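Hi there,

Here is the structure I promised to pass on. My notes on it follow just below.

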There are 2 protein chains.
Amino acid sequence: MSREKRKLVSIKDIAQEAGVSPSTVSRALHNHPHISTETGERVQRLAHEMGYTPSLLARSLVTQDTATIGLVITYTADPFLSRLVQGVEETARNSGYSVFLSSSYRDYERELEVVRSFHERRTSGIIITGSQIDTDYLDLDDRFPLPIVLINCRTYPYSVSADKISGAKQAVEHLVQLGHRRIAFVSNAKLSTDLDRQTSYQQVLREHDIPIDDTLVVEGDGMLESGVRAGQKLLSLPQPPTAIFCFNDLTAMGVLTALREADLQVPRDCSVVGFDDLEISAYLCPPLTTVRQPCYRMGQAAIRMLLQLIRGENGIQAEILQTELIVRQTTGLAPEPS
Amino acid sequence: MSREKRKLVSIKDIAQEAGVSPSTVSRALHNHPHISTETGERVQRLAHEMGYTPSLLARSLVTQDTATIGLVITYTADPFLSRLVQGVEETARNSGYSVFLSSSYRDYERELEVVRSFHERRTSGIIITGSQIDTDYLDLDDRFPLPIVLINCRTYPYSVSADKISGAKQAVEHLVQLGHRRIAFVSNAKLSTDLDRQTSYQQVLREHDIPIDDTLVVEGDGMLESGVRAGQKLLSLPQPPTAIFCFNDLTAMGVLTALREADLQVPRDCSVVGFDDLEISAYLCPPLTTVRQPCYRMGQAAIRMLLQLIRGENGIQAEILQTELIVRQTTGLAPEPS
DNA sequence: TTGTAGGCGTTATCAT
DNA sequence: ATGATAACGCCTACAA
């Protein structure tokens, strides 16, 4: 690769070479209806020979459309997000859009900064996961006058979410049916959508007249290590739980580790349920019972909604996708009270 | 959010409002040296009040610099890549660059298509993982006259790689030291860098006068499911291996699953070594012995090299980062020959 | 210190 | 069917 910066060939260069005007070249390149096949072909051939690559930059400037979207995720390392990113990226590309990716680290200022930078780049719209700003975007409308779709934020009008309420209910119900009465919950205090799970958890317990014990609700942060600590904390209780419902699969993996380190058998001594259904969850030891979120489809739905907003369509409503309990081998009958 | 498309305020609008020329506004916004503090402040204030957001699009067109890079990855769902993406994204952003993300699915045409689209967007440079095109880029120089850095492709002059040769050696050596003589290898036929591992594998065996048995080398594709199949295949051998060295951690997880389903204990009946050291690998059951690739630092090194290329610096050389054997609990002494 | 003018690479509107 | 011209929003000599 020669390293000096070369000047790229432009429409003007082709025009000169072909002995026509730049506008003719532009038209020829776009298969404009009223163009003679002769010049059309000549221009096309010349463009190819000269190694012409159109500048979407310049095009965007005049068409006022970058065909670009911004995707804000919390952490690139979060495995829950990778399939979602895939859904967004594939669907966007199939619609001719490129996607900018940046992460917010669940930080309000960072997120604001990223959204601002996307707006400077004149992205046609933005998709945000785990937003810390959420409904404040409605007020920031004049600062960011471009369509925004949020993921898992049901209070915002343009959003795509998984039905966590129903998912959490199914999970806890499943444990109750197995005879568990001391059911713990490991939360993610940082996340507002965590409330759905916790509310469902409490509701199911109440419906079955199971007393709610606050010591059985432990705070986590959705990461592996916090799952380990939460597990240890729960095991050190005078009356440890016989089942643990976790905020997500990563937390569940941490809890499983804590149980193993305490020489407890799953599910014989304690049942565990996760949330997300990561690809790896089916390959854990034992394979994890969990609530599946349709990550790929959520990403896909988000970009579709965003494209509708970009096109100025009306009647767009928040979407809620179904979750599904996947019963594998980390849940079993409650141990007999000894 | 009001849904009609508003016209954004431009430098001209501010100029008119402030009663100065557009160039003065431009200078004021950039803290140009020769500008009166009075107008400077007035313009800044006005810009803020009017909700001005500069168009990097227009700016890029004139400065011939988009401050944008393209990142091509094989699959967004590959957990090995998430930390690498993080390294690229964070470092890029800290240098004022935004990053486009797209995936190639390890397909030559797809990759070409993505690179072309990045070039159309006039990205300042491109980073590519798992390239199928690799050294062909040297010939494609006229089609893509922009800096390209490859990851894990040592035959290309501008590349960042992990030292897989040494890593694989350490892994197999470790198994030999534990007394294993029937050591299997699960490969990834799709990937050229796989050869490094396989070569090291054979070399270590030779060094220890261990006969090389071709039936102990099984093809995989680096995904979970292929690990399961490879494991099953190896177990069905008349003389199954006592240790399995896997192309990556995902494959190792699959192998572990196959072993568990066959009611074999790890490492008592069979040892397993992975490659990558994903975050979750430390939390498997048992925790996985593996070769760590410094994913984050590889991403960081790649973007640094790319920025050097963009700046036109000389003397840039391919970088090779060290790998490290992380011994956990899936490896143990070879079982006594029965 | 500020304004004028030209240009970045395209597309779009008028003519011809 | 093609060409001239203006415009997108910004930057930057050069001139004043």
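**Two helices in chain A**

α1(A) and α3(A) are oblique to each other, a word used for angles that are not under 35 degrees (roughly parallel), over 145 (roughly antiparallel) or 65 to 115 (roughly perpendicular). Helix α1 (residues 11-18) of chain A packs against helix α3 (residues 37-49) of chain A at an angle of about 125°, their axes being 10 Å apart. The contact (C-beta atoms, placed from the backbone, within 7 Å) involves A:I14, A:E17 and A:A18 from α1(A), and A:R42, A:V43, A:L46 and A:A47 from α3(A).

A word on the basis: this is a predicted model, where local features need pLDDT of at least 70 and side-chain atom pairs count only at pLDDT 80 or more, while totals for chains, interfaces and linings use all residues. Residues are numbered from 1 along each chain as its sequence is written, with chains lettered from A and ligands numbered from 1 in the order in which they are written.

**Around the DNA**

There are 24 residues around DNA strand D, and A:T24, A:H34, B:S10, B:S23 and B:A58 come nearest; being near takes a C-beta atom, placed from the backbone, within 6 Å of the strand. Helix α4(B) contributes the most to this surface, five residues.

**Domains of chain A**

Chain A splits into domain 1 (3-54), domain 2 (65-160 + 295-320) and domain 3 (164-293), with bounds from an automatic or database domain assignment. The centres of domains 2 and 3 of chain A, taken over C-alpha atoms, are separated by 30 Å. Seven residues of domain 2 of chain A touch seven residues of domain 3 of chain A.

Best wishes

Methods: Axes fitted to C-alpha atoms, helices over the stretch in contact; angles between N-to-C directions. Helix = DSSP H or I, 4+ residues; strand = E, 2+ residues; numbered from the N terminus. Contact = placed C-beta atoms within 7 Å.
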